[in-house]
Amino acid sequence: MSFLKAGATATQAVEAAIRCLEDKEITNAGFGSNLNIDGVVECDATIVDHLGRSGACGAVAGVKNPISLAKKILDTSSRPLSLQRIPPNLLVGPGAKDFAEEHALKTVRNEFLVSRNAKDRYLRWNEDLKRAEARKKPRAGYPGTHWSTQRTSPSGAYDKAANPAKNAQFQDHTSATLTGTWNEGQPDSPDPDRSPIGNSGSRTATSFSTLSRSITSKTTDFQPPISLSAPTESVDCGGLKTESPYLAPVPPSSHSVNDGPANCDETEVAMVDGDASCDKDRLNQAIRQQSEDWRHAADNVTDTVGAIAVDLQGNIAAGSSSGGIGMKHCGRTGPAALVGVGTAVVPEDSEDDLSTSVAAVTSGTGEHMATCLASGKCAERLFQGTRRGVGGRDIPEEDEHAILESFILNDFLNHPGVRDQPSAGAIGVMAVKKDRTGVYFYFAHNTDSFALASMSSVEREPLCVMSRLGKSGRVAQGGRRIRLG
């Protein structure tokens, strides 16, 4: 906001906001990101301006602030090159790092990007991988059994990856250690033989099939410019009173063997504190405690970040940054590096009397979001005022909340390339629609929680929201309006 008040452009404000988030260990972006299979931090980032032009970097190692590299790529993409060569707007891997060094951006050794918590997760997950692969090997007496193996990190990769004693940026966030992410929004490891540390259940933070609540934020009127940033990792945000309360999620009635107590009636027996009984008061108390423990564990998940800003000239911009999936393949490029997947802007049309433009930023299961071009589809839906109807045809819709709900349930979860996949489709989306009447901020998610903050130039402090899923439905959402003039 200080950048915007000083007359900076929306892209400069987005870069500043995301740089701040990248420098914090608790986010899966920049310093503190997940490590790949080789024990190296490889980051993705994108920034898109009000004209829809973009700069992006993917799977880049050794760059302190990937969003600044994306911004530099954007800035240079409009400058002509000799021999009529076309400048890039997406660079990946070593070429992206070379570009950063050529343009005097700060590059560092890998150990200065790795936090102690990230290394702890890396070691734990590497052991999980070894156990999982060992279970695939044929047993004696079954010589014809076929099995496959997945690459695990080489010995010594941990030592090569990082040295916490030499890391001046190190900060101790115990909660991040306890519930780091293997995949986006998933606490700890998917290894069935490992229960999440500090959590009595084995639920993942992306489970959504029976959890939801529609959340409506208080509508307020302010003057532009507005800066909206969403650290999609969960943090403790307070200070915003809403018309409907934010409720902690309750674990669904179907439990796995590690999920703790389940509901019982007169004919069922449940284990509570080691005793076989059906004392419903004790059972309900245990379930409430498990739910509270699980909620706090979900809040400690580190995840990707994004930001949207509208500057004094009324121009909109958006950006995102991520360290990607833990233990990912070397060179894996995630949605934060892909325009139309992690970040999108629909620019205003010169013949549009309302001068409408829309920006959207998403976080979640990256490969699923890439399949359905998530951020681009969401932005187009809000821009055009449509939702998916019967037979896949677009139908007009004036209610933006209905548009966002349909986007998650139909365009995303019901996409043919998503709905039958073995991994859950998790997504959180933050969007801003701007026209001559005002700025409209929306968010929606099917994950257990979604942390957001928004601020206008006349506010003294940002409004912070920890949105949670509840009991009714499968999508939680909310928003606010800032009137112009």
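User: At what angle do the axes of α3 and α4 cross?

Analyst: The axes of α3 and α4 cross at roughly 75° and come within 10 Å. Axes here are lines fitted to C-alpha atoms, for helices over the stretch in contact, with angles from 0 to 180 degrees between N-to-C directions. The scale is: under 35 degrees roughly parallel, over 145 roughly antiparallel, 65 to 115 roughly perpendicular, and the rest oblique. The angle falls in the 65 to 115 band, so α3 is roughly perpendicular to α4.

One heads-up: this is a predicted model, where local features need pLDDT of at least 70 and side-chain atom pairs pLDDT 80 or more, while totals for chains, interfaces and linings use all residues. Residues are numbered from 1 along each chain as its sequence is written, and side-chain values use heavy atoms, leaving out hydrogens and water.

User: Which residues of α3 and α4 meet?

Analyst: From α3 you get Leu69, Lys72, Ile73 and Thr76, and they meet Ala96, Phe99 and Ala100 of α4. Contact means heavy atoms within 4.5 Å. The group divides into five nonpolar, one polar and one charged. For those classes, Ala, Val, Leu, Ile, Met, Phe, Trp, Tyr, Cys and Pro are nonpolar, Asp, Glu, Lys and Arg are charged, and the others, Gly among them, are polar.

User: What makes α2 and α3 a packed pair, and how are they oriented?

Analyst: Their axes come within 8 Å and cross at roughly 160°. That clears the antiparallel cut-off, so α2 is roughly antiparallel to α3. Thr11, Gln12, Glu15, Ile18, Arg19 and Glu22 of α2 make the contact with Pro66, Ile67, Ser68, Lys71 and Leu74 of α3. This set splits into four nonpolar, three polar and four charged residues.

User: How many helices and strands does the chain have, and what counts as one?

Analyst: The chain has 11 helices and 17 strands. They are DSSP runs numbered from the N terminus: helices are H or I with at least four residues, strands are E with at least two.

User: Why does Ala379 count as buried?

Analyst: Ala379 is in α10 and has 0% relative accessibility. Buried means under 20% relative accessible area, exposed over 50%, and partly exposed in between, using a 1.4 Å probe and protein chains only. Ala379 is therefore buried. Past its neighbours within four places in sequence, Ala379 is in contact with Ala344, Val346, Val358 and Ala360. Its C-alpha atom is 6.0 Å from that of Ala359, 20 residues away along the chain.

User: Why does His368 count as buried?

Analyst: His368 sits in helix α9 (residues 366-371). Its relative accessibility is 5%, so it lands in the buried class. Leaving out residues up to four places away, His368 touches Phe412, Val418, Gln421, Ser423, Ala424 and Gly425.

User: Is Ala104 buried or exposed?

Analyst: Ala104 has 72% relative accessibility and so counts as exposed. You'll find it in the loop between α4 and α5 (116-136). Most residues other than glycine have a negative phi. Leu373, in the loop between α9 and α10, is another non-glycine with a positive phi, about 50°.

User: What makes up the largest nonpolar core?

Analyst: A nonpolar core is a set of buried Ala, Val, Leu, Ile, Met, Phe, Trp, Tyr and Cys residues joined through side-chain atoms within 4.5 Å. The largest one has 27 residues, and Val14, Cys57 and Leu69 have the most contacts inside it. Elements giving it two or more residues include α2 (10-22), β1 (42-48) and β2 (54-61). A second, separate core of 24 residues includes Ala360, Val429, Ala444 and Val475.
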